[in-house]
Amino acid sequence: MKSCAIYNRTAVTKALKKRATELGFAACGIAQANTVSPSHAAALNYWIEKKRHANMSYMAQHRDKRLDPRLLVEGCQSIVCVALNYYPAEKLTNDQMQFAYYAYGEDYHNIMRLKLNELLTYAQTLAPINGRVFCDTAPILERYWAQQAGIGWIGRNTQLIIPRAGSYFFLGELLLNAELDYDVPMNSHCGTCHACLNACPMKAIGNPSGLDANRCLSYLTIENKGDDIPAEAANRMDNCIYGCDACQKACPWNRFARPTSIEPLKPSEKFLHMTPNDWEHLTQDTYHALFRKSAVKRAKYQGLMRNIAACRKNKNV
């Protein structure tokens, strides 16, 4: 239901952004809820029609809501977008099996949801506001709305890039039934740089389709539920057994990345000291102990062992 109470939009907007910073979010911007642009809608439809989403069938579902977030929350007028830094201060060494940085710590869904709920509760003390919290848990085009909210831009690697901060961020949203002050969408600052495209091991990114999940090592080692990693991908995994950060590591904007201050996103000592031999002989008990609160559970024990076996066969390791 649309809120009709009188409140100071500018004051509420400033207070919300200040509280977001206090909660540990690295960026906060606000976009007016609306249908997505025709060009972005066309790009999404093309991506789905060309099966670039591979076997992630959920990406083709609820397309009406993806294209109009107002269908998710009755009376939605504003989308508050936030970014949470996960860049690790301490990393796995090059001779160890590698994981995408986002998987170093605890599952971001839980951490982000707690902080977003706090932000929503705070918003409701400022004005008669209702809304919902989202963190990769609904058909929302998160990067699109973050760009509309002025947080950053969608780079050639399809990641959201924040100026002088990089792309190692989780995204989350509040969909609110209140009008707020809106930020200006950010234009791309990729320029003529193609470092991410050149760095992608499987050449999975590029125009006109953006990302082809069928070829992406992140998809193939996480979302892919098959028994085997395709031979071409296995040969290009090097020693990375979960996800892939190649396009982010190559991005010049990530030279500005700073380590996260969010404790649950930091890796455990046990994780950091796992040897290749430890991984090859990983038991289910050790797996559950390491990843009890981790997003790595997405691949399950069998999937991680499949990835480890593919790396073991890789003559480059």
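1. Basis. The model is predicted, so local features need pLDDT of at least 70 and side-chain atom pairs count only at pLDDT 80 or more, while totals for chains, interfaces and linings use all residues. Residues are numbered from 1 along each chain as its sequence is written, and side-chain values use heavy atoms, with hydrogens and water left out.

2. Aromatic pairs. The structure holds 23 aromatic pairs. Rings of Phe, Tyr and Trp (its six-membered ring) pair if their centres lie within 6.5 Å; planes under 30 degrees apart count as stacked, over 60 as edge-to-face and the rest as tilted. One of the pairs is Tyr-87 with Tyr-168: the ring centres are 5.0 Å apart and the planes stand at 35 degrees, so this pair is tilted. Tyr-87 sits in the loop between β2 (78-85) and β3 (98-99), and Tyr-168 in the loop between β6 (160-161) and β7 (169-176), so the pair ties together parts that are 81 residues apart in sequence. Helices (H or I, at least four residues) and strands (E, at least two) are DSSP runs, numbered from the N terminus. Tyr-87 is buried at 15% relative accessibility, and Tyr-168 is buried at 3%. Buried means under 20% relative accessible area, exposed over 50%, and partly exposed in between (1.4 Å probe, protein chains only).

3. A stacked pair. Tyr-108 and Phe-170 are stacked, at 4.2 Å centre to centre with 10 degrees between the planes. Tyr-108 belongs to helix α4 (residues 108-126) and Phe-170 to strand β7, so this pair ties together parts that are 62 residues apart in sequence. Both Tyr-108 and Phe-170 are buried.

4. Helix α2. This helix (residues 38-49) has 12 residues and reaches 16 Å from its first C-alpha to its last, close to the 16 Å expected at 1.5 Å a residue. The expected span is 1.5 Å times one less than the number of residues. Which residues of α2 are buried? They are Ala-41, Leu-44, Trp-47 and Ile-48. These cover an arc of only 125 degrees around the axis, which puts them on the same side of α2; the arc is that of the directions from the helix axis to the C-beta atoms. On the other side of α2, Pro-38, Ser-39 and Glu-49 are exposed. The cover over the buried residues of α2 includes α3 (63-67) and β9 (210-211).

5. Helix α13. The 14 residues of α13 (residues 300-313) should span 20 Å at 1.5 Å a residue, and the end C-alpha atoms are 20 Å apart, which agrees. Its buried residues are Tyr-301, Gly-303, Leu-304, Arg-306, Asn-307, Ile-308, Ala-310 and Cys-311. They pack against β3, α7 (217-223), α8 (231-236), β10 (240-242), α11 (276-280) and α12 (284-291).

6. Positive phi. Most residues other than glycine have a negative phi. Just after α2, Lys-51 takes a positive phi of about 60 degrees. Ala-54, not a glycine, has a positive phi of about 55 degrees; Ala-54 lies in the loop between α2 and α3 and is buried at 15% relative accessibility. Thr-158, also not a glycine, has a positive phi of about 70 degrees. Thr-158 is in the loop between β5 (153-154) and β6, and is buried at 14% relative accessibility.

7. Cysteines. The structure holds zero disulfides, a disulfide being a pair of cysteine sulfur atoms within 2.5 Å. For Cys-135, the nearest cysteine sulfur is that of Cys-81, 12 Å away; Cys-135 is buried at 1% relative accessibility. The sulfur of Cys-190 is 6.5 Å from the closest cysteine sulfur, in Cys-251, too far for a bond. Cys-190 is buried at 15% relative accessibility.

8. His-53. This residue lies in the loop between α2 and α3 and is buried at 6% relative accessibility. Leaving aside neighbours within four places in sequence, His-53 is in contact (heavy atoms within 4.5 Å) with Trp-47, Ile-48, Met-59, Ala-60 and Ala-213. Trp-47 and Ile-48 are also among the buried residues of α2.

9. Asn-177. This residue is found in the loop between β7 and α6 (195-199) and is buried, with a relative accessible area of 3%. The Asn-177 side chain reaches the backbone nitrogen of Asn-130 at 2.7 Å.

Definitions and conventions. A polar contact is a pair of N or O atoms within 3.5 Å; within protein, one must be able to donate a hydrogen and the other to accept it, and residues adjacent in sequence count only if both atoms are side-chain atoms.
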